[in-house]
Amino acid sequence: MADDIDDLLDEVETKFLEKKEKSGGVAKKAKTPVSKTNPNVPSRKKSTGDADLDAMIDDICEAPEPLEPLVDKAPAQNSPRTPRGAEGKRRCAVLYLGGSKHAMGLGSSMNQRSCDQLRCTDCDFRVVFYDNYEWDASCEYLFFRNNVPDFGKLKAKLNKRKGSRAYACQCKWTSVQDLVDIQKKTDFKWVCGKHAS
């Protein structure tokens, strides 16, 4: 098997060097592959598989160089570069949780809105929320781990309460009535998952 690989590599090298010499490039003279038993006899005969392989090698060698991608040479001043596909997506400057009476959307210190794109960095799940509900006091970790995000199963532990909003991921849960900065809830590792603007 190692001899077959060596023969194949010698053949590719020979073809490449012949192409380079024909195109005007400077290269060493290619040595022809020879068999280990008799140095005057070529190592193998050409077969239809070899012709296909030669055609593929020729296609690779003759392929044009890839074009450079077009890049805007002068980006707008004071605009940060954003990755492709992330244009128009922004994160909340300050993360708020709020009851059902508080508006939801992109939040900032001036525009206090509850974030509706929350994601947990502990369990890597999107945070679900339900208006006019609060979590029952008997809720436990395994209930959320097994049932989030299925509302049909979660409503067994949801109690109706006007003005409240129940939030949960697979590892944490809370019920909120007033606007709360999430940084005040130190055990929560929820982040904004970006809003389309």
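Reader: Of the contacts between residues at least 6 apart in sequence, how many join residues at least 24 apart?
Author: The share is 57% in this chain. Keep in mind that the model is predicted.

Reader: OK. What helices and strands does the chain have?
Author: There are four helices and nine strands. Along the sequence they follow the pattern α-α-β-β-β-β-α-α-β-β-β-β-β.

Reader: Which strands make up the open sheet of three?
Author: The order is β4-β5-β6, and the pairing is antiparallel.

Reader: Which ones are at the edges, and why does that matter for neighbours?
Author: β4 (128-135) and β6 (173-176) are the edge strands. Each has a single partner strand, so one side of each lacks a neighbour in the sheet. From one strand to the next, the twist averages 35 degrees.

Reader: How many bridges join β4 to β5?
Author: Seven bridges do. β5 covers residues 158-168 and runs antiparallel to β4.

Reader: And what stands opposite W135?
Author: L158, in β5.

Reader: New topic. Where is D122?
Author: D122 sits in the loop between β3 (118-120) and β4.

Reader: Is D122 exposed or partly exposed, and why?
Author: Partly exposed, because its relative accessibility is 42%. The range for that label runs between 20% and 50%.

Reader: What does D122 touch, leaving out residues up to four places away in sequence?
Author: C171, K172 and K189. D122 and K172 are 50 residues apart along the chain, yet their C-alpha atoms are separated by 9.2 Å.

Reader: What about the inside? Which residues have the most contacts in the largest nonpolar core?
Author: L95, L97, L118, Y167, C169 and W190 do. That core has 17 residues. β3 and β8 (190-192) each supply at least two of its residues.

Reader: Pick L118. What does L118 touch, again leaving out residues up to four places away?
Author: L95, L97, R126, V127, Y167, W190 and V191.

Reader: What does the second, separate core include?
Author: This core has twelve residues, among them Y133, F143, V148 and A166.

Reader: Why would nonpolar side chains be together?
Author: As a general rule, in soluble globular proteins, nonpolar side chains tend to be buried together.

Reader: What percentage of this chain is buried?
Author: Buried residues are 26% of the 197 in the chain.

Reader: Last one. What does the accessible surface come to?
Author: About 14200 Å². Carbon and sulfur atoms account for 52% of that.

Notes
Residues are numbered from 1 along each chain as its sequence is written. This is a predicted model: local features need pLDDT of at least 70, side-chain atom pairs count only at pLDDT 80 or more; totals for chains, interfaces and linings use all residues. Side-chain values use heavy atoms; hydrogens and water are left out. Buried means under 20% relative accessible area, exposed over 50%, partly exposed in between (1.4 Å probe, protein chains only). Contact means heavy atoms within 4.5 Å. Accessible areas come from the Shrake-Rupley method with a 1.4 Å probe; for residues, only the protein chains shown count as cover. Two strands pair if DSSP finds at least two bridges between them. Axes are lines fitted to C-alpha atoms, for helices over the stretch in contact, and angles run from 0 to 180 degrees between N-to-C directions. A nonpolar core is a set of buried Ala, Val, Leu, Ile, Met, Phe, Trp, Tyr and Cys residues joined through side-chain atoms within 4.5 Å.
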